[in-house]
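Please look through the model below before reading on.

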Amino acid sequence: MSTIATTPTVASGKGADSSKSPDQYGKQQSKSPEKEKKVVSVDNKLENRLTMKDLAKLQKAFMTEGDGYDNKLALYRDMFCEALSILLDKGSREEYGELFDKIDVAKEGTVDWDKFASHMLLEFYERDDRVKSTQVPQWKDLKNLQSPHKDIVQRVQYLKNSSRYVSISKEGTVGIWGSDLKLSKSYKIGTDSCKARDLWVTHFIVLQNINKIAIAFTSKEIAIYDMGNKLEFNCQYKVQGLEYTPLSLDYWNNPKDANEAILCWGDVGGYVNCLFFNSANIALFERPPAPAGEKQEPCLNVQLSEIGNETSFKNETFTRHEGHKKEWVRQVKYAHYLECFISCATTSTNSMVIGWMEKKTGTSLKDQETSKKIQKTSSFNINQGVNAFDYNQQLNIIATAGVNHHVCLWNPHIVSKPNGVLRGHMASVIQVQFIKSRGQLISFSKDKVLRIWDVQLQVCIQRLAGMFPKGPEVTSTLFFDEEKDRSGMERNKMLITFNYMLTLMEMKVEMRDKIMSHEKPVIASLYNSVYNQVVSACQAGTIIVWMVDTGQKVKQFNNTHANAEVTCLAQDPSETKLFTGSTDGTVKVWDFNGHCFHTLECVGGQPADVGQILNLKRSVVVVGWAKYITIFRTTAFKGFHVQPADWKGGQEHGEDVLCAAFTSPNVLATGSYDGEIVIWNTNSEQASRHLSQRSRRVLMKSRGKSFITSKEEGNIGDVSDRPKSRPKSISSRLSTKSRGTQDDQNEFGLAVAKLIFLEARKGGSAGSGANLVSCGGNGWVRFWNTSHSQLLAEFVAHEHAGSITMALDKNNQYLATGDVDGQVKVWDILEYCIRPSHDLITQPPPLKSQFQPHSDMINTLEIMERNERLLVLSSSSDCSVALYDVRGNKIGIFGQEEHWKIEPYNPAEELEEEEPEQQEEEKEEVKEPEIEPDLESDWEPDEKAITEPDTYRINAWDKTLLGKNYQESRVRKRERKQPGTIPDLPYLHWERTGQAPAGPYSALDTQILSDFDPPPKPDMTYTERVSSPVHLPRLPNLVDSLRQPVPEKEIFPKYILDFEAKMKSYHRNQLQMSQSNSSTGGGILSLKGKLGMGFAKSSLQNIGMQLGKQALNPGGTKQQPQQAKSVRSLKIKSVSRRTSIVSTETSQAY
């Protein structure tokens, strides 16, 4: 421990090392995330290997005095790695460095105990969320099934042979349900032994191997019905002569021997009765021969006392034992693994009894088959008794549903105390059932609360309440079907009955490899540049804040709008407040700590679907549910509830307003469901322009005109014959571009889903360039000029995709579009629609990239810049928020196990990766020449030439070697270019187009010549020259002719450039002075004399030294220490890597 305490002292004594910035420590980590990412399992992560003792050591080490938070120790990166390697010795220095980078998200360069503990807490929270998302079952909404029953449903079972469900109620109604749980048939059953009004069905069990069902009646008999006949519900056997009324049934068959089976039941007298079958697959009971001349009765009455007799029913054996003295046996079950019968009752003594059965080995085979009796019993005493139980063979555990609100887990061989007690229910537990595939337990209590327990951990992992039917006390049963269907998929359906009602809860299909950011579909996500975080919201009203640099979850707010569904998310211009809109017609204002400041009531407390929230300078605009604009003044944000103000412009749209966009100083654009865009002045709040070229009203008129014209001309589809002034019908184009009927396209294809102003093209509207982009139905993207109310361009970004959404970067270079299938396309629009055009542009801009971040509809998109990389943030209905770059490279999905690190984009790495691929392709292309087989050696005569010599004719072109060689040479011959494209040139069809016949020159693609520097003028000054026999040409000035790949301003510091400029100006002045002296009569001789004396050279050196001193010390010699100190402080406090490099170069230059 003393080593750690002295580590900062030793490091600070080195001077230069202690002043290193955090980015200088991290210079070595400049590799791309793809290169440095290693596949590390969850259990092998360093955070998961730390124990409580390790954390205690680290806390004690960090609690020493230092320069960190609260005067505690704060370590740089290399110091952190060294300290952890000494203290823990559980990883390498690379792992410690990666841990430091994860903790130091803000790039402050140091880590203290507060940051370390916060990181570990967030890591544990994320792990818990991941465990819950993978282990906790996710259920679909509760469904009420159509019920044919009029009384309490006693039980629900599944029929494996017919893939159907069966339910039987107390009054004797049998319901047959299909695999989709739709009622197919219903029957009414009864018995002749008593009247129907006195008859109740107490229980039933399905005999799966023989496709029969056994039903227990209050008439003290068990009827066995055949389920093989789809038309009738026939009773085949009736077991009569029971001493007590049967209450519960169970059936088991041997999977290795189809004839071996056991039917057991518990009765009101406390007995457990067992009926063994030795020929179940042939016939449960042997039918006696019918009397002569009489038909066989369809139902065989079997007396219980006759079973086991050698004369009547010799293939069946009956035995029983009294487990519960004169108490009702609530449930009975045969456990083949233990070879015992388990039963329970609602008494404190003998609450659960296990009857152990042993086979006696006799001298004869008859003794071995017939002598099956209960040898001993084990009694479990539970306070207030047990309502039901379930046995898990894999875990060898019995779970009991106690009347005392507890669920107990028992070892079958230990009766003294349970292995575990699951507490949490507030009422009597009426049923329990194991989910064997997941190692979980379901329990349902009398107060309609469903709990799911982890059996190994003995903790409740899920509680479901409030969704079940409300009302007085009811009788309920639970059946969970976890078996696999014929396709191998688990059904995972839970049927719960409430008296005569049947409800279905279906488990969602698990995507084990799928990463989910939210539990519900994500409706919006946005980037906050102030806190460097991503905020996402789902339909359930959960808002989660993530770190964009790592993908780590920071905060989470739940139930922001109670039970209402959240529809949109926005933030104010200062990026310190959040706005959420929902279907209850309210907009709430939050801070990043989850505190709600205001509630904006859009419709006066009435429900309304808020579509978009737009923050202006001094107001908030809300649209989405009406044909008008709702506005809130920020001056009215005084109380908690805020009412809307009046919009002076009134109603200008014919349909609901879906979206809005704003650009300074006072332009507001709104788009409606019918495709119309209205431009507003926010100062006067009046509409200034209507962009109606693609609205339903205009298109209906144009479609009517086109129909009349086409009816007269007789050709509807010939667009070239129409005059240019008539707008082309968009509905006809949609029919060719998109699938579906024309009525659907007219209904949904015109809606404007998103509007964005091109802020970087300010002033472009005056030059007739596009300054507004819209997108919406059928995948269309349109570019508008709002000043001239002109539609400049439109194209289909996503075919057959329905409605789309979009986003733009700040420089308006890239346009990202997302469709309902989860696909994103990035378009380069830097040079798109920047010039006026008289014709409508239908050609799309260049496609930069295309990728698929989601599997469901994309709700929002945003392009942001981080670490010199343009990133695409997308949220989808598949419950995930993804982060990619504009080139399609995946950064990560928020909520994943591995955190990421965003590095600046390096195109050289992609080139290095592409080079080996190109080399492999070239190697594949270069192949050894194949040796052609000798065709003459394999020649055989044609069969037709032998069989039909009279009619056979030889085709010299296909059958001879000469013809084949000639044919190959013709194919390989260079194809002559045919003038197929010449008739499309404009100078050949000028009569039809109306253009002047300018000749072929007008068809050439000519461009304006690029500007070039004029040649330097010769020096016309005459001076005395020394005669020389050889006249050499003047060499060009390389300094002026060479072009530098990088501007000088980015290479040299400012003081060097200023020094150079001053030297040039001084040299220019000297030349002018020399020229003036020569013109006045001094001539060149005076200048030669000065140069000979070294005057000019020394003066230049003196001036250079003076200028250099001024650049180094502009304040004088007295401020030199202060300047050096400022430079050193600049070196210590530099944050970015580039600043640190420049400061280092500056210090070296000094």
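1. The unreviewed UniProt entry lists "repeat: WD" at residues 422-456, 559-593, 650-690 and 805-829. UniProt positions follow the numbering used here, feature names are shortened, and annotations may be inferred rather than shown by experiment. In residues 422-456 the end C-alpha atoms are 12 Å apart, with 0% helix and 57% strand. For residues 805-829 the end C-alpha atoms lie 16 Å apart, and the span is 0% helix and 56% strand.

2. This is a predicted model, in which local features need pLDDT of at least 70 and side-chain atom pairs count only at pLDDT 80 or more, while totals for chains, interfaces and linings use all residues. Residues are numbered from 1 along each chain as its sequence is written, and side-chain values use heavy atoms, leaving out hydrogens and water.

3. The annotation "domain: EF-hand", also from the unreviewed UniProt entry, covers residues 91-126. That stretch is 69% helix and 6% strand, and its end C-alpha atoms are 22 Å apart. Helices (H or I, at least four residues) and strands (E, at least two) are DSSP runs, numbered from the N terminus.

4. How do helix α5 and helix α6 pack? Helix α5 (residues 52-62) and helix α6 (residues 77-87) pack at an angle of about 130°, their axes 11 Å apart. Axes are lines fitted to C-alpha atoms, for helices over the stretch in contact, and angles run from 0 to 180 degrees between N-to-C directions. The two helices are therefore oblique to each other (under 35 degrees is roughly parallel, over 145 roughly antiparallel, 65 to 115 roughly perpendicular, and the rest oblique). On the α5 side the contact (heavy atoms within 4.5 Å) is made by Lys 57, Leu 58, Ala 61 and Phe 62, and on the α6 side by Phe 80, Leu 84 and Leu 87.

5. An open sheet of four strands runs in the order β3-β31-β30-β29, with antiparallel pairing. Two strands pair if DSSP finds at least two bridges between them. β3 (143-145) and β29 (476-481) are at the edges with a single partner strand each, so one side of each has no neighbour in the sheet. The twist from one strand to the next averages 25°. Six bridges link β29 with strand β30 (residues 493-498) in the antiparallel sense, and Asp 481 stands opposite Lys 493 in β30.

6. Another open sheet of four strands has the order β12-β13-β14-β16 and antiparallel pairing. Its edge strands are β12 (246-253) and β16 (316-322), each pairing on one side only. Gly 266 stands opposite Val 272 in β14.
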